[in-house]
Amino acid sequence: MAPIITLLTDFGLEDGYVASLKGVILGICPNVRLIDISHLVQTQDVRSGAFLLSTVYKDFPPGTIHLAIVDPGVGTKRQGLVLRTPDHFLVGPDNGLFSWVCRKEPQWQAHCLENSQYWRSPVSPTFHGRDIFAPVAAHLAAGVAMERLGPRWEPHIAGWTKMVRGDRTLRGEVIHVDHFGNIITNLDEKTVTDFAQAAELQIEIEGVRLSGLTVTYGEQPFGAMMALIGSHGYLEIAANQQHAGKQLGVKTGTPVRLSHSRP
Amino acid sequence: MAPIITLLTDFGLEDGYVASLKGVILGICPNVRLIDISHLVQTQDVRSGAFLLSTVYKDFPPGTIHLAIVDPGVGTKRQGLVLRTPDHFLVGPDNGLFSWVCRKEPQWQAHCLENSQYWRSPVSPTFHGRDIFAPVAAHLAAGVAMERLGPRWEPHIAGWTKMVRGDRTLRGEVIHVDHFGNIITNLDEKTVTDFAQAAELQIEIEGVRLSGLTVTYGEQPFGAMMALIGSHGYLEIAANQQHAGKQLGVKTGTPVRLSHSRP
Amino acid sequence: MAPIITLLTDFGLEDGYVASLKGVILGICPNVRLIDISHLVQTQDVRSGAFLLSTVYKDFPPGTIHLAIVDPGVGTKRQGLVLRTPDHFLVGPDNGLFSWVCRKEPQWQAHCLENSQYWRSPVSPTFHGRDIFAPVAAHLAAGVAMERLGPRWEPHIAGWTKMVRGDRTLRGEVIHVDHFGNIITNLDEKTVTDFAQAAELQIEIEGVRLSGLTVTYGEQPFGAMMALIGSHGYLEIAANQQHAGKQLGVKTGTPVRLSHSRP
């Protein structure tokens, strides 16, 4: 079965940078399957890339190699990384980009990228994606053992989002507003249901109060605001066929507050 | 020969939703070829997605499976559908998305999606794309007979656009303004030439009058407005190297009126 | 090993035009690998497409076929072209789109596209991409010799950008502003280092003066403007984690002036 490499970057779609990665990979591992996750991560927003990666990497078959590059520190002393979770490999800069993955699957193993035998030569100081990360991912796909890429390494894990649980309130924040305008928070389903138990939730965001959770977008009237557990498994605030993010004017980091009616 | 699945959605390119579809498909049918049609269908605009799909699906080899998802009613009672035309399969929500295809090729056969054995489990109420349509398309690609997916079904066929033919006038409307600003109408080549016969056509749109049809964009001076039969086989209004759609301020639904000089 | 066809166009991502190319190609050469370079070349900007193509085509394995279509003269008398460099094939309109490639690798050989046996039939006068260029690229991938596509041909080579070297100054211009806002000039590394020799460079663009070259973006403070040799091998002006292009208000053609401190 042909190996799979996915690509997630902030390179955009108007230049040739993504294609350069793919060309280099195909030169090393001709039978690889290349699948784009997204190249529209907000420029140099490591946090946003880390969240996006964590929402999708497990939908791919075991053995998939995820190449992720959001790299404001390219060419400086930050290390490169290869990470193995029980089912997947991940390759990219060690700047927190794999933080959410590491928290979801704490049984990871990591190596830094030191063995330049698996890099392209010469290495451009401004494009490690093409010259280090892509070749390393391709060599992994071609069967090189991750241990050969460099010594064991402790990845940088960032603590970007805060969740504060009190007795009667649960406070979180917006992680992402998606293409449809759905507002995705950092409050995961288990935390939310543990907090609510049988009681009805009150959700408050940017002065708007919502009561209870719905199941689908379409069960509310056109344009109506609602809260639900989205397909990523996090609490979302949405508006049926409307862009909730723009309506409320929220952005990454906007606080959300839950309370409940339990006595 | 490896099976082909194309993907057409309104999911956008900045999230991981499209990649989730692909990951799920590759888990079920590892040797499938995945080709994007577009993921920039106007959000929840079923009509626009239906038109786009109809302009391109026949350019793919026989046996291609077209996975199309523009699904404002996700999670509600609308059915899922698999449709077979003489050469192709199409999978998606039964909300009119296949209307133009069904009119182009009336020899279709359709089944609704009821057999949850071919779905992902659990099914998220807000992401049937990942959990129902993508797995079903992948199982089709892997050789499952469409009859096993659910019972026969009469698909919803929408009558969005109007064409009114009088003795001396033919009235239609704008279906789509493309990336280049070409204004594509719902008046197909056969209807237009039957109407005009040997006489010269007069085309009127947003107060602008054009006489006769040209063959290529480049035969007119830079910026000049013209009417022609476009590559989709419909009457188009274009401007050489300029964005006709913006110049005329038209949008989907803007009326267009044809007359002729025959006595 | 499966052949590779890359695609570079100004077709955008919201229509079905790119998918039509791919469908047609897969019908002729089912095992081909399709890789997008970009479809967001500025509409009908041949110069911009020519530059983009030249920065990335050599990153692909030998034998790769690059299908490039930016074609304001579609349907007029401009010829179609297949070009062979030592390692690659390129297919597209003969309107200057391969100018930079031809200058980088002067050992090219070219044929025009005259043999309609390798075209789709009928040919739409407004979509040669689908009906001529894509089928020709697919037949090449399937093993047809380029000599069979048409007679030898001298491609149109455009002289878009100017570089003027005086004794104490080197004048060039902006070719491209990338997704990150890096300002890429037409001054290549060899020209710049030959000019500077051991002396420190002074770079002037839109009234801003910079001294010397840096190596990486990250070695400057956040937002600081700098000059460096970018990953394409050209002089770039950049701002650490900021959009230099917007800050300076430059566009394609904006002049850049270098001087040096040598006595």
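Modeller: Happy to! Keep in mind that this is a predicted model. Only 7% of the interface residues of chain C are also interface residues in chain A, so the copies meet through different surfaces.

Biologist: And what percentage of the interface residues of chain B are also interface residues in chain A?

Modeller: Only 6% of them, so those copies, too, meet through different surfaces.

Biologist: What rotation superposes chain B on chain A?

Modeller: A rotation of 120 degrees, with 0.0 Å of shift along its axis and an RMSD of 0.0 Å. The two copies are thus related as by a three-fold rotation axis. In chain B, the C-alpha nearest the axis belongs to B:Arg33, 5.3 Å away from it.

Biologist: Let's do the contact between chain C and chain A. How many residues are in contact?

Modeller: 30 residues of chain C touch 32 residues of chain A. About 2,600 Å² is buried between the two chains, and carbon and sulfur atoms give 57% of that area.

Biologist: Which residues of chain C lose the most area to chain A?

Modeller: C:Asp59, C:His179 and C:Phe180, which together make up 25% of what that side buries.

Biologist: Which side chain does C:Asp59 meet in a salt bridge?

Modeller: That of A:Arg120, at 2.8 Å from N to O. The rule finds 1 salt bridge across the interface of chain C and chain A. For polar contacts, it finds 13 residue pairs there, both residues being at pLDDT 80 or more.

Biologist: Which elements of chain C give two or more residues to the side that touches chain A?

Modeller: Strand S2 (33-38) and helix H2 (46-56) of chain C. S2(C) gives the largest share, 5 residues.

Biologist: Now chain B against chain A. How many residues are in contact there?

Modeller: 32 residues of chain B are in contact with 30 residues of chain A. Between them the chains bury about 2,600 Å², with 58% of it on carbon and sulfur atoms. On the chain B side, B:Glu14, B:Tyr17 and B:Thr126 lose the most area to chain A, together 21% of what that side buries.

Biologist: How many salt bridges are counted between chain B and chain A?

Modeller: The count is 1. A:Asp59 forms a salt bridge with B:Arg120, and their closest N and O atoms are 2.8 Å apart. Helix H1 (17-28) and strand S2 (33-38) of chain B each supply at least two residues of the side that touches chain A. The largest share of that side, 8 residues, comes from H1(B).

Biologist: Switching topic: how many residues of strand S4 in chain C are buried?

Modeller: 4 of its 5 residues, so to speak a mostly covered strand, spanning residues 80-84.

Biologist: Which strands do bridges join to S4(C)?

Modeller: Strand S5 (residues 89-93) runs antiparallel to S4(C), with 5 bridges joining them. S4(C) and S5(C) form a hairpin with 4 residues between them. Strand S6 (residues 109-112) is also antiparallel to S4(C), joined by 4 bridges.

Biologist: And what stands opposite C:Leu81 in S5(C)?

Modeller: C:Gly92. In S6(C), the bridge partner of C:Leu81 is C:Cys112.

How values were computed:
Residues are numbered from 1 along each chain as its sequence is written. Chains are lettered from A and ligands numbered from 1 in the order in which they are written. This is a predicted model: local features need pLDDT of at least 70, side-chain atom pairs count only at pLDDT 80 or more; totals for chains, interfaces and linings use all residues. Side-chain values use heavy atoms; hydrogens and water are left out. Copies are superposed by least squares on the C-alpha atoms of residues with pLDDT of at least 70 in both. Contact means heavy atoms within 4.5 Å. Buried means under 20% relative accessible area, exposed over 50%, partly exposed in between (1.4 Å probe, protein chains only). Two strands pair if DSSP finds at least two bridges between them. Buried area is the accessible area (1.4 Å probe) that two parts lose on being put together, summed over both. A salt bridge is a side-chain nitrogen of Lys or Arg within 4 Å of a carboxyl oxygen of Asp or Glu. A polar contact is a pair of N or O atoms within 3.5 Å; within protein, one must be able to donate a hydrogen and the other to accept it, and residues adjacent in sequence count only if both atoms are side-chain atoms.
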